[in-house]
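Let's look at how two parts of one protein chain meet. Have the structure open beside you as you read.

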Amino acid sequence: MPELPEVETIRRGISPHVLEQTVARVVVRQSRLRWPVPSDLEQRLVGKKVVEVGRRAKYLLLRIGDGWLLIHLGMSGSLRIVEEATEAGRHDHIDIVFVNGRCLRLNDPRRFGAMLWVGRHPDRHPLLARLGPEPFSDDFDGAMLYDKSRGRRLAVKNFIMDQRVVVGIGNIYASEALFRAGIHPARAAGHISLARYVDVVHAVREVLGDAIEAGGTTLRDFTDENGRPGYFRQQLLVYGREGQPCGSCGRPIRCKTIGQRSSYFCAHCQR
DNA sequence: CTTTACGCCTGACGGC
DNA sequence: TGCCGTCAGGCGTAAA
């Protein structure tokens, strides 16, 4: 489900509710996520205070005491802030209950998400060690994309969705960014000029920034910490709009499978 | 090294 | 009404 704007929306939403809060107990109703939830998670967290709520790529990183809780939401995960007495619903797998009676609750129907404990700073954790730059960092620029793509024949859409190249872009924002940059998503990554990769960088930052401002994109079930949807769906220019007229040229938007994922584009405006 | 295909899961939806 | 195939915002792994 969530790409960078949705994870960032959740990070900002939960931060004021969990920062400086001390963990009272942890309830694990389902430990079989992408990887097993550590069986000693509760003993690691109880009595410790949340001192930082960070994000790296699509991972949430909660510094609790002197270690880090690493959360990934996979395709269908969400986090809510609820009173601890709130009855758990279907797929409410984990509660982190604080001494103030509030609770951070993970719901994930498909269980592609993860909750792991990392004792040291997670930068060199295997899941994070090989990640590319954050899209809003200075390390993400046209020259870097150009250099990394030379000799590569995969579609540019798959290239920018590769988290080792740049983090945070998933299936929605890859289509949206390439539309804004005027580049056909199936074009070979290695056959794109430096100037056009500069455009890609601007388009990526623009679309991710706009989406964060709108609180993310809700297609079916994304919600923030209060259960409210994000409103960027109204601003999607191509994603999910097959057959509808392109806002720029009026020709119908097309949908094609590229790398096993639905990809939306305008064949006239994107070359 | 690169590229491709496949699981992992549940739920929603469309066609019959 | 039910059943069955397809698809869904991710990503690690195996295979070629």
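## Polar contacts first

A polar contact is a pair of N or O atoms within 3.5 Å; within protein, one must be able to donate a hydrogen and the other to accept it, and residues adjacent in sequence count only if both atoms are side-chain atoms. Between domain 1 and domain 2, four residue pairs are in polar contact, both at pLDDT 80 or more.

## About the model

This is a predicted model, where local features need pLDDT of at least 70, side-chain atom pairs count only at pLDDT 80 or more, and totals for chains, interfaces and linings use all residues. Residues are numbered from 1 along each chain as its sequence is written, chains are lettered from A in the order in which they are written, and side-chain values use heavy atoms, leaving out hydrogens and water.

## The two domains

In chain A, domain 1 covers 4–129 and domain 2 covers 142–265, with bounds from an automatic or database domain assignment. Their centres, taken over C-alpha atoms, are 28 Å apart. Contact (heavy atoms within 4.5 Å) involves 17 residues from domain 1 and 18 residues from domain 2.

Together the domains bury about 1,500 Å², 64% of it on carbon and sulfur atoms. Buried area is the accessible area (1.4 Å probe) that two parts lose on being put together, summed over both. On the domain 1 side, P5, E6 and T9 supply 33% of the area buried against domain 2, more than any other three residues.
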